[in-house]
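I opened this entry to log what I looked up in the model. Short notes follow, one topic at a time.

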Amino acid sequence: YSLWCMQGLGLVGLALVKEGARRVLLTDVPQQLPLLRANLDANLRDDANLCGGPSAGPRVNVESLSWGEALGRSASRGWDLVVAADVVYDEDVVPLLAQTLSDLLRNGTCKAILALPDRVEFESSQGLR
């Protein structure tokens, strides 16, 4: 399967590629990419199977993604699964995340798995959590 991960540190994406994902794209906002790339380098540098050979190309790539903006070429590559783990730190960005997920799932065959913790600081003025 191929996997689009909304990341941060890259742990979920790395775990899933080690479990057999054939192609993984890890995404985050531009300012977080150096940390994400450093984590990938530290964990994949000695594993040619994960990094891909000269003809196979890398199985794990990193790209910038700002929710709510156009997805670009990567979105049209036919992803099987979108995974997002602990990616929402501000409730104001939830509509942007929803729009991005809608765009990624538009083909009808892609699925999404989200792990979003219940943050007490997200209490709304209506008392909803």
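Is D103 buried, partly exposed or exposed? I find D103 partly exposed, with a relative accessible area of 22%. My classes are buried under 20% relative accessible area, exposed over 50% and partly exposed in between, with a 1.4 Å probe and protein chains only.

Ground rules first. I am reading a predicted model, where local features need pLDDT of at least 70, side-chain atom pairs count only at pLDDT 80 or more, and totals for chains, interfaces and linings use all residues. Residues are numbered from 1 along each chain as its sequence is written, and side-chain values use heavy atoms, with hydrogens and water left out.

**Salt bridges.** I counted two salt bridges. The rule asks for a side-chain nitrogen of Lys or Arg within 4 Å of a carboxyl oxygen of Asp or Glu. D103 pairs with R106, and their closest N and O atoms are 3.0 Å apart. R106 is exposed, at 58% relative accessibility. I then looked up R22, which bridges to D80 with the closest N and O atoms 3.6 Å apart. R22 sits in the loop between α1 (11–18) and β2 (23–28), and D80 in the loop between β3 (60–64) and β4 (81–85), so this pair ties together parts 58 residues apart in sequence. D80 is partly exposed at 32% relative accessibility.

**Chain layout.** I logged four helices and five strands. These are DSSP runs numbered from the N terminus: helices are H or I with at least four residues, strands E with at least two. The order along the sequence is β-α-β-α-α-β-β-α-β. Of the 129 residues, 33% count as buried.

**Helix α2.** I find L33, L36, L40 and L44 buried in α2. They cover an arc of only 65 degrees around the axis, so they lie on the same side of α2. The arc is taken over the directions from the helix axis to the C-beta atoms.

β4 and β5 (residues 111–115) run parallel, joined by five bridges. Pairing needs at least two DSSP bridges. L81 stands opposite K111 in β5. In α4, I find L97, T100, L101 and L104 buried. Their arc is only 100 degrees around the axis, which puts them on the same side of α4.
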